[in-house]
Structure formats: structure tokens, C-alpha cells
Amino acid sequence: MFRLFRWLRTTVVLMWLCGALLVSTVALGLQALTLSAQVASVTASASAAAVQHRKALAKAVAKAKAKARLRRMLVAIPVVGAGAAVAFEAQDYRDWQADNPEGSFADYSCEVTALSAEVVDEVLQDLPEGMRPSRDMLLNQLPECAPEP
């Protein structure tokens with residue numbers, strides 16, 4: 001009788017252990033499936049956002065190029081060009097001042113000078129060989145900026 005009771009107790013413990021393992025396996029399988037679905041969803045939305053961002057960036061670049069092209073065309077007309085150049089520069093200064101309310105015109109000039117010095121080689125390469133001024137002559141025309149104390 002004692003052997004039968006021990007066998008019954010061992011059988012019940014093994015059955016309970018198998019049941020617990022089966023339930024744990026099913027629960028972990030469902031959790032893995034749920035997490036895989038979430039990863040797929042997040043990946044798809046990130047991919048869609050990246051495509052949308054690329055399109056928006058391409059559109060912004062195209063608009064900037066069109067705006068620059070229009071500015072060059074207006075500046076090419078002698079009388080209208082001089083007025084347009086002044087108007088464009090004034091608008092750029094107002095835009096800069098909106099982002100930098102504490103800045104002065106001297107600060108704006110120094111920032112524009114620094115940025116212009118960085119891209120001068122690229123701009124010169126775009127000009128035809130016969131119309132291209134020397135780099136040094138162009139850089140000498142830019143105002144000198146002293147660092148702020």
C-alpha cells in the first residue's frame with residue numbers, strides 16, 4: 001500500500017509538472033508571437049516614416065533650389081536685380097533675427113561670413129572657368145569678424 005501511495009504521489013507530481021510546463025510553453029509562445037507582431041508593426045511604421053521624411057526632405061531641397069534659381073534670375077536683371085538682392089538680404093536678416101532675437105546685425109554678418117567662407121570653394125566650382133574669380137580675392141572681400149569676449 002505504501003508503494004502504491006508513493007507511486008500515486010510521484011505520478012501526480014509529474015503530471016502537475018508536465019501541465020505547468022505545457023502552460024508555460026503555450027504562454028511564452030503567445031508572448032513571442034505578440035512581440036513579433038509588435039516588432040513588425042513598429043518596423044513598418046518606421047519604414048513608412050523614413051520614406052515620408054525622405055520625400056519631405058527632397059521637396060524642401062527642391063523648393064530651396066527653385067527659390068535660389070529665382071533669386072539668381074531676378075538678380076541678373078540690372079535694376080530689378082539690385083533691389084531684389086537688397087530685399088532678399090533684408091528678408092534673410094529678418095529670418096535670422098527671428099531665430100536669434102538677441103543678435104545684432106554685426107552678429108548676423110559674422111555668421112554669414114563664416115558660412116560663406118565654408119562654401120566658397122563649392123560656389124566657385126559651379127562658375128564657368130572664364131568668370132571664376134580667385135578664391136583669395138573673394139575671401140578678402142568678406143568682412144573680418146572678431147570673436148565676442
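Predicted model: local features only at pLDDT ≥ 70, side-chain atom pairs only at ≥ 80, totals over all residues.
**Surface patch**

I started with the nonpolar patch on the surface, which Leu 4, Trp 7, Leu 8 and Val 12 form with about 450 Å² of accessible area together. The patch rule I used takes residues with over 30% relative accessible area and no salt bridge, joining nonpolar side chains (Val, Leu, Ile, Met, Phe, Trp, Tyr) within 5 Å and like charges within 9 Å. A salt bridge here is a side-chain nitrogen of Lys or Arg within 4 Å of a carboxyl oxygen of Asp or Glu. Accessible areas come from the Shrake-Rupley method with a 1.4 Å probe, and for residues only the protein chains shown count as cover.

Residues are numbered from 1 along each chain as its sequence is written, and side-chain values use heavy atoms, with hydrogens and water left out.

I then looked up Trp 7 by itself. Trp 7 lies in helix H1, residues 2–76. Trp 7 counts as exposed because its relative accessibility is 56%; the classes are buried under 20% relative accessible area, exposed over 50%, and partly exposed in between (1.4 Å probe, protein chains only).

**Whole chain**

Next I checked the fold. I found four helices and zero strands in the chain, with helices (H or I, at least four residues) and strands (E, at least two) taken as DSSP runs numbered from the N terminus. The chain's radius of gyration is 35 Å, well over the 15 Å that the globule rule gives for 149 residues, so the chain is more spread out than a compact globule. That radius is taken over C-alpha atoms, and the rule is 2.2 Å times the number of residues to the power 0.38. I also noted the span of the C-alpha trace along its principal axes, about 115 × 40 × 30 Å.

How much of the chain counts as buried? I get 7% of the 149 residues. The chain exposes about 12,500 Å², and carbon and sulfur atoms supply 68% of that. For contacts (heavy atoms within 4.5 Å), I took those between residues at least 6 apart in sequence, and 21% of them join residues at least 24 apart.

**Aromatics**

I counted five aromatic pairs by the ring rule. One of them is Tyr 93 with Phe 105, edge-to-face, at 5.1 Å centre to centre and 70° between the planes. The pair links distant parts of the chain, with Tyr 93 in helix H2 (residues 78–99) and Phe 105 in helix H3 (residues 105–126), twelve residues apart. The rule pairs rings of Phe, Tyr and Trp (its six-membered ring) if their centres lie within 6.5 Å, and calls planes under 30 degrees apart stacked, over 60 edge-to-face and the rest tilted.

Phe 105 counts as partly exposed, at 49%. I also logged one aromatic cluster, formed by Tyr 93, Trp 96, Phe 105 and Tyr 108.

**C-alpha distances**

I finished with some residue pairs. Ala 76 sits in helix H1 and is exposed, with a relative accessible area of 57%. Ala 76 and Arg 9 are 67 residues apart along the chain, and I get 99 Å between their C-alpha atoms. Ala 49 is also in helix H1 and is partly exposed at 41%; its C-alpha atom is 30 Å from that of Gly 29, 20 residues away along the chain.

In helix H3 I picked Val 123, which is partly exposed at 45% relative accessibility. Val 123 and Thr 10 are 113 residues apart in sequence and 86 Å apart, C-alpha to C-alpha. I find 23 Å between the C-alpha atoms of Ala 82 and Gly 130, which are 48 residues apart along the chain.
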